[in-house]
Amino acid sequence: MSGAVEAKLAELGLTLPGVVPPLAAYQPAVQSGVYVFTAGQLPMVDGKLPLTGKVGAEVTAEEAKDLARICALNALAAVKSVAGDLDRIARVVKVVGFVASASDFTGQPGVLNGASELLGAALGDKGVHARSAVGVAVLPLDAPVEVEIQVELTEA
């Protein structure tokens, strides 16, 4: 099933990917009441990371912003896996992003704009959210970026 949100993604030249399989003992997304919480989503494309390393060293801030966009797309796929339809999203409540950062890199908010801008483009006002952008020493698989989202759904 695809609706208005997936049509908007298609207008943006994007296709909702399949759900990225978990790397360990967790679910990609869980629903609790009207909320869906995703696990941290890496920027996996066809089962692989397009880039690895620290932002501000091996990975540029612009490359990392593009990776954050992929993370958000993967998070939407995880939401759809439990909600059934992205058109059920009433709003994105919170985005939390982690940026594997070189010791002198302080541009985490700009990197996470990749995820925030994608959610806004796909969902309009429903994509406006609170956010945390956190610099960390290392992420799983040496990924440069990881993003998790929390959304509120309309009733089924």
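Accessible areas here come from the Shrake-Rupley method with a 1.4 Å probe. On that basis the protein, a predicted model, has an accessible surface of about 7200 Å², and carbon and sulfur atoms hold 54% of that surface.

**Overall dimensions**
- The radius of gyration is 15 Å, which agrees with the value near 15 Å that a compact globule of 156 residues would have.
- The C-alpha trace spans about 45 × 30 × 25 Å along its principal axes.
- Of the 156 residues, 43% are buried.

**Secondary structure and contacts**
- The protein contains 3 helices and 5 strands.
- Read from the N terminus, the order of elements is α-β-β-α-β-α-β-β.
- Among contacts with a separation of 6 or more, 81% join residues 24 or more positions apart.

**Helix α1 against helix α3**
- Helix α1 (residues 4-11) and helix α3 (residues 108-123) have axes that come within 8 Å and cross at roughly 120°.
- On the α1 side the contact is made by Val-5, Lys-8 and Leu-9, and on the α3 side by Leu-118, Ala-121, Ala-122 and Leu-123.
- By class, the residues of this contact are 6 nonpolar, no polar and 1 charged.

**Aromatic pairing**
- The whole structure holds 1 aromatic pair.
- The ring centres of Tyr-35 and Phe-37 lie 6.5 Å apart with the planes at 45°, so the pair counts as tilted, the class between stacked (under 30 degrees) and edge-to-face (over 60).
- Tyr-35 is partly exposed, at a relative accessible area of 34%, and Phe-37 is partly exposed, at 34%.

Definitions and conventions:
Residues numbered from 1 in each chain as written. Predicted model: local features only at pLDDT ≥ 70, side-chain atom pairs only at ≥ 80, totals over all residues. Heavy atoms only, no water. Axes fitted to C-alpha atoms, helices over the stretch in contact; angles between N-to-C directions. Helix = DSSP H or I, 4+ residues; strand = E, 2+ residues; numbered from the N terminus. Contact = heavy atoms within 4.5 Å. Nonpolar A, V, L, I, M, F, W, Y, C, P; charged D, E, K, R; others polar. Phe/Tyr/Trp six-rings, centres within 6.5 Å; stacked < 30°, edge-to-face > 60°. Buried < 20%, exposed > 50% of the residue type's maximum accessible area, 1.4 Å probe, protein only. Rg over C-alpha atoms; globule rule 2.2 N^0.38 Å.
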